[in-house]
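I opened the model today to look up a few points. My notes follow in the order I took them.

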Amino acid sequence: MQKKPAKVPVHRPPPPKQVRIIGGAWKRSTLPVLDALGLRPTPDRVRETVFNWINHLWDANWAGADVLDLFAGSGALGFEAASRGARSVTMIDSHTPVVRQLGDVKIKLKADNVQVVRGEALASAHNMALRGQRYALVFLDPPYQQNLLERSLPLCAGLLAEDGLVYAESGAPLPFEPEDGSAVPDWLAPWEAVRHDKAGIVFYYLLKLRKTAA
C-alpha cells in the first residue's frame with residue numbers, strides 16, 4: 001500500500017522588507033520590517049480598510065486619541081495612527097532589535113507623539129490598567145497560533161476609555177458564532193464586532209465592549 005505523502009504545513013509568505021504609511025503627515029514613508037520570529041505586518045489593504053473604519057467612526061478626528069499598540073512589531077499600525085494625528089501612541093514589543101528599530105523610526109520621523117517601550121505585552125497591559133492608563137484605541141496584532149489574542153483581549157477591558165475600540169487581527173475567525181452551537185467563549189463574550197472582514201488568511205475586527213459589560 002502506497003504511503004500518503006506527508007502534509008506540508010501552509011505558511012504565510014515571508015514578510016515584506018518594508019511597509020509604507022498610508023495616510024497622514026508621514027504618508028508614503030517606509031518602515032523597515034525585521035525578519036523576526038512571528039513578525040508579519042498588517043497588509044496594506046487591511047490597514048487601509050481599518051483606518052477608513054476608524055475615520056468614519058471618529059469623523060477623522062484623531063487629535064484627542066491616546067493609542068496603544070500592544071504587539072508593535074514593525075510599528076505599521078502605531079505609526080499610522082501617529083501619522084494621522086493621534087495625541088499619543090505607546091508601542092510595546094519584547095524583542096530588543098525590534099524595539100531598537102522602532103526607536104530609530106521614531107527619531108527619523110520626529111514622532112514626538114510616539115513612545116516606544118520594551119516589555120512583555122500581557123504584563124505591560126496588566127500594569128497599565130492598574131496604573132489607570134486608558135486608551136481610545138488598542139491594537140492587538142499578536143503572533144498567530146499562540147493563544148495571545150484570547151489572553152490579551154480580556155486585559156483590554158481595563159485599558160479602554162469610554163467608547164474605546166480594539167483592533168484585533170487573527171489567523172482564524174473569532175468564535176462569535178461557534179460552529180458546534182456552543183456558547184461564545186468567556187474571553188470573547190463581553191465584546192461585539194463593530195466591523196469585521198477577511199483578506200486571505202487574515203481575519204480582522206474592530207471591537208467594542210458591550211454596554212452591559214462595560
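Confidence came up before anything else. This is a predicted model, and I read a mean pLDDT of 89 for the chain. I also noted that 89% of its residues reach 70 or more. Over residues 1–12 the pLDDT stays under 50. For that stretch I found six contacts beyond four places in sequence in the model.

Next I turned to a pair of helices. I looked up helix 4, residues 121–130, and helix 5, residues 148–156; their axes come within 9 Å. The axes cross at roughly 10°.

Which residues make the contact between helix 4 and helix 5? On the helix 4 side I listed Leu122, Ala125 and His126. On the helix 5 side I listed Leu148, Arg151, Ser152 and Leu155. Sorted by class, the contact has four nonpolar, two polar and one charged residues.

Is Leu57 buried or exposed, or partly exposed? Its relative accessibility is 35%, so I put Leu57 down as partly exposed. I then checked its contacts, leaving aside neighbours within four places in sequence. Leu57 is in contact with Leu165, Val194, Arg195 and Leu206. For one of these, Val194, I also looked up the spacing: the C-alpha atoms of Leu57 and Val194 are separated by 9.8 Å. Along the chain, Leu57 and Val194 are 137 residues apart.

Terms used: Residues numbered from 1 in each chain as written. Predicted model: local features only at pLDDT ≥ 70, side-chain atom pairs only at ≥ 80, totals over all residues. Heavy atoms only, no water. Axes fitted to C-alpha atoms, helices over the stretch in contact; angles between N-to-C directions. Helix = DSSP H or I, 4+ residues; strand = E, 2+ residues; numbered from the N terminus. Contact = heavy atoms within 4.5 Å. Nonpolar A, V, L, I, M, F, W, Y, C, P; charged D, E, K, R; others polar. Buried < 20%, exposed > 50% of the residue type's maximum accessible area, 1.4 Å probe, protein only. pLDDT = per-residue confidence, 0-100.
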